[in-house]
Amino acid sequence: MTQYDVAVIGSGPGGYVAAIRCAQLGMKTAIIEKYSTLGGTCLNVGCIPSKALLDSSHHYEDAVKHFEEHGIEIPGEVKVNLEKMITRKQGVVDMTTKGIQFLMDKNKITVYEGLGSFKDATHIDIKKNDGSTETIEAKNIIIATGSKPSTLPFIALDKERIITSTEALKLKEIPKHMVIIGGGVIGLELGQVYKRLGSEVTVVEFMDRIIPTMDSALSKELMKTMKKQKVKFQLSHKVKSVERKGDEVIITADNKKGEEVSFTADYCLVAVGRSAYTEGLNLEAAGVQTEDRGRVAVNEHLQTNVSNIYAIGDVIKGAMLAHKAEEEGTLVAEILAGQKPHIDYNLIPGVVYTWPEVAAVGKTEEELKEAGVAYKVGQFPMRALGRARASMDIDGFVKILADKETDEVLGVHMIGARCADLITEAVTAMEFRASAEDIARMSHAHPTYAEAVKEAALAATDDRALHI
């Protein structure tokens, strides 16, 4: 029986990063993945393929709607080749997953393909695709099995017309009308992809606003811009049933007045979040405890109730974000090496990759009000930037929340072009407990979108914004 210092179950961003860091720190490491490719949900059916389709559809929309204004004339009709678009997406995925395999080889990490399950607290049975089983022993084990799309109890997913994000990434046709249940990140991103390609898109959301966990100002601005893109929204709607009749799907819901309404579409995307995936792990054999929603229970060191078993990423509490999982994978590896790492969960940024992009870090206004914290606000519109006007990306703003007394930045919320990248400036500043004045005093290149961050900081500092 092969013995390891560490065995990681699951090869998503959390799992493969944990394995790499363990190997870097001198531990003999194995990683177990039930699928034939590494990378987990993020690389195979999540972050990477969705961004590939977002970029492709964005190019198409620009060609149809904006090229002429830029002085670019295309003879003939611009057409979508969905099959080729999906093929390109898959090429991006394949290249990325092969890159993870390269990193495993480079770091001398043993990769096992098969379903890993606990035999006991130090032994893992690996059921391979050929039906055989191999058992390995590990001094420490990291559970990194991620999450799967959630659904509602009364919805029967047929994965043809009533689909999850996984199927939405490989459709054979452009829907005529796609109804999306859920106004969160996944639904809005994929909804924008298919709206650009010509689908009618209707978002049905139970809450009274989209992206409800983010600052309400971002919710309002994103909905305003997506309405301009002709996406329809039905907020405060409680879905009661989803039925397929031939090639049609009928979605029935109660609106905020309690009236029953229905929507007919050829595709229904169920995007109501994700749930921890522990199926097949046989946690009971190791004595590992779970908590609400099937998540693995951990302490502040991400250690389960069994001292040598840890869990990271979507399978434990907290935001289901690839970069959060990566930080946790690194943390566990360094704890095992005797180091004392730390994660500030308040400073894990959240991003929505629609266009305009939405990004945030730290506290929202709603959270500060609820906590009774005295704060001040600085906000700056993207349309006031020369760079935004040059690129015709004028929607959105940057909003900075700072402590009223100390001026320390408590939260940064932005919507606009390249905000997914811009948010890192805010994370860096807040990691070093910068004040709004600190950001305002730093030189920002001109013309850039990043100038909006400086101007918002100026606005938060005695209302000193220069360009409004």
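Let's start with β18 and β19, residues 357–362, which pair in the antiparallel sense over 3 bridges. Two strands count as paired here if DSSP finds at least two bridges between them, and the elements themselves are DSSP runs numbered from the N terminus, with helices being H or I of at least four residues and strands E of at least two. Within this pair, Val-351 sits opposite Ala-359 in β19.

A quick word on what we are looking at: this is a predicted model, where local features need pLDDT of at least 70, side-chain atom pairs count only at pLDDT 80 or more, and totals for chains, interfaces and linings use all residues. Residues are numbered from 1 along each chain as its sequence is written, and side-chain values use heavy atoms, with hydrogens and water left out.

Back to our strands. In the loop between β18 and β19 you will find Pro-356, and the peptide bond joining Trp-355 to Pro-356 is cis, with omega at about 5 degrees.

Now step back to the whole sheet. β18 and β19 belong to an open sheet of 5 strands, in the order β18-β19-β22-β21-β20, with antiparallel pairing. At the edges stand β18 (350–352) and β20 (375–381); each has a single partner strand, so one side of each is left without a neighbour in the sheet. From one strand to the next, the twist averages 10 degrees. Helix α7, residues 216–228, lies across β19, β21 (397–403) and β22 (409–416), and runs at about 5 degrees to β22. For angles like that one, axes are lines fitted to C-alpha atoms, for helices over the stretch in contact, and the angles run from 0 to 180 degrees between N-to-C directions. Contact, whenever I use the word, means heavy atoms within 4.5 Å.

On to the next sheet. How are the strands of β8-β15-β9-β10-β11 paired, parallel or antiparallel? The pairing in this open sheet of 5 strands is parallel. β8 (162–163) and β11 (232–234) are at the edges with a single partner strand each, so one side of each is left without a neighbour in the sheet. Inside the sheet, 5 bridges join β9 (residues 177–181) to β10 (residues 200–204), and His-177 stands opposite Glu-200 in β10. Helix α6 packs on this sheet, touching β9, β10, β11 and β15 (267–270), and its direction makes about 165 degrees with that of β10.

Helix α6, residues 185–196, also packs with helix α3, residues 47–65, at an angle of about 35 degrees and with the axes 9 Å apart. Their crossing is left-handed; by that I mean the near helix is turned anticlockwise from the far one by less than a right angle, and right-handed would be clockwise. On the α3 side the contact includes Leu-53, Leu-54 and Tyr-60, and these residues meet a set in α6 that includes Val-193 and Arg-196. The residues of this contact divide into 4 nonpolar, 4 polar and 4 charged. Ala, Val, Leu, Ile, Met, Phe, Trp, Tyr, Cys and Pro count as nonpolar, Asp, Glu, Lys and Arg as charged, and the others, Gly among them, as polar.

Another helix pair is α1 (residues 13–24) with α9 (residues 322–336), whose axes come within 7 Å and cross at roughly 30 degrees. The two are therefore roughly parallel to each other, a label for angles under 35 degrees, while over 145 is roughly antiparallel, 65 to 115 roughly perpendicular and the rest oblique. α1 passes α9 in a right-handed crossing. By class, their contact has 9 nonpolar, 3 polar and 3 charged residues.

Next, the hairpin of β12 and β13. Here 7 bridges join β12 (residues 238–245) to β13 (residues 248–254), running antiparallel, and Val-239 stands opposite Ala-253 in β13. The hairpin has 2 residues between the strands, and Gly-246 takes a positive phi near 65 degrees.

Finally, how many aromatic pairs does a search of the whole structure find? It finds 1 aromatic pair. The rings of Tyr-4 and Tyr-112 have centres 6.1 Å apart and planes at 90 degrees, so the pair is edge-to-face. Rings of Phe, Tyr and Trp (its six-membered ring) pair if their centres lie within 6.5 Å, with planes under 30 degrees apart counting as stacked, over 60 as edge-to-face and the rest as tilted. Tyr-4 is in β1 (residues 3–9) and Tyr-112 in β3 (residues 110–113), 108 residues apart, linking distant parts of the chain.
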